[in-house]
Amino acid sequence: MSEVAKALLVDDRRENLLALEAILQGLPVRSVAVESGEAALKQLLVDDFAVILLDAQMPDMDGFETASHIKRRERTRHVPIIFLTAADRDAQLALRGYAVGAVDYLTKPFDPWVLRAKVSVFVELWTKTRQLSAQSEAVREREARWRVLSEAVDEATTLLRSDDPDGRARAVEVLEQARWGSPS
């Protein structure tokens, strides 16, 4: 699996987005930066993300409204959201962030190493979840193949035990079709 984890960075200030991109530099994650809640929701329609770093206070649609839209969508409800904000004066904002589904709430200025560590954890979880999904799919495919082969063996056995003079030839045909995956 070579899909790279992505982090969605959402902030209405370009300089904040550039700073976040710099902080995440060197991590096994590709940053996708957008400047509004609306742009974030559009981006979430086309890409899957390991984590979202979301500015709480933005014009038009703020981070809280954006997060509530994200958490309402089936496809995105499990994407972890870390709120970032300069407003540390109001503890109610942090509670509001957690109430709309944030996994964390950091006030600026924050320690960039702490943010890197948090993003790294979510990227690793995302990667392991993808690996588990791929392994589960491979197991399902093997089980389906096993069922096809088992059914073919059962059918061939029945043909071999029958009084049908063509039973042996038909049994061989059934087994060959099952072996090579061609339809009966």
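View 1. Pro 109 belongs to the loop between S5 and helix H5 (112–161). Helices and strands are DSSP runs, numbered from the N terminus: helices (H or I) have at least four residues, strands (E) at least two. The peptide bond joining Lys 108 and Pro 109 is cis, with omega about -5 degrees. Most residues other than glycine have a negative phi, and most peptide bonds are trans. This is a predicted model, in which local features need pLDDT of at least 70, side-chain atom pairs count only at pLDDT 80 or more, and totals for chains, interfaces and linings use all residues. Residues are numbered from 1 along each chain as its sequence is written, and side-chain values use heavy atoms, with hydrogens and water left out.

**View 2. Asp 60 has a positive phi.** The phi of Asp 60 is about 60 degrees, although Asp 60 is not a glycine. Asp 60 is found in the loop between strand S3 (51–55) and H3. With a relative accessible area of 74%, Asp 60 is exposed. Exposed means over 50% relative accessible area, buried under 20%, and partly exposed in between (1.4 Å probe, protein chains only).

**View 3. Three rings form a cluster: Phe 64, Phe 83 and Tyr 105.** The whole structure holds 2 aromatic pairs. Rings of Phe, Tyr and Trp (its six-membered ring) pair if their centres lie within 6.5 Å; planes under 30 degrees apart count as stacked, over 60 as edge-to-face, and the rest as tilted. Phe 64 and Phe 83 make a tilted pair, 5.1 Å centre to centre, with 35 degrees between the planes. Phe 64 lies in helix H3 (residues 63–72) and Phe 83 in strand S4 (residues 81–85), so this pair ties together parts that are 19 residues apart in sequence. Phe 64 and Phe 83 are both buried. Phe 83 also pairs with Tyr 105; that pair is tilted, at 5.9 Å centre to centre and 45 degrees between the planes. Tyr 105 lies in strand S5 (residues 104–107) and Phe 83 in strand S4, so the pair ties together parts that are 22 residues apart in sequence. Both Phe 83 and Tyr 105 are buried.

**View 4. Gly 63 is buried in helix H3.** The relative accessibility of Gly 63 is 0%. Contact means heavy atoms within 4.5 Å. Not counting residues up to four places away in sequence, Gly 63 touches Leu 54, Asp 55, Ala 56, Met 58 and Phe 83. Asp 47 is 16 residues from Gly 63 along the chain, and their C-alpha atoms are separated by 19 Å.

**View 5. Val 10 is buried in strand S1 (residues 5–10).** Val 10 has 1% relative accessibility. Beyond residues up to four places away in sequence, Val 10 touches several others, including Leu 17, Val 34, Ala 40, Ile 52 and Met 58. Val 10 and Val 32 are 22 residues apart in sequence, yet 8.6 Å apart in space, C-alpha to C-alpha.

**View 6. Gln 43 lies in helix H2 (residues 37–46).** The side chains of Gln 43 and Asp 47 are joined by a polar contact of 2.8 Å. A polar contact is a pair of N or O atoms within 3.5 Å; within protein, one must be able to donate a hydrogen and the other to accept it, and residues adjacent in sequence count only if both atoms are side-chain atoms. Leaving aside neighbours within four places in sequence, Gln 43 is in contact with Leu 8, Val 32, Val 34 and Phe 49.

**View 7. Asp 47 and Phe 49 are among the residues that line the largest pocket.** A pocket is an open set of points on a 1 Å grid over the protein atoms alone, where a 1.4 Å probe fits, with protein on both sides within 12 Å along at least five of seven lines; lining residues have an atom within 4 Å of a point. About 200 Å³ of space lies in this largest pocket. The volume is the space filled by probe spheres set on the points, and points are joined across faces, edges and corners. Other lining residues include Leu 44, Arg 75, His 78, Trp 126 and Arg 130. The lining divides into 6 nonpolar, 2 polar and 4 charged residues. Ala, Val, Leu, Ile, Met, Phe, Trp, Tyr, Cys and Pro count as nonpolar, Asp, Glu, Lys and Arg as charged, and the others, Gly among them, as polar.
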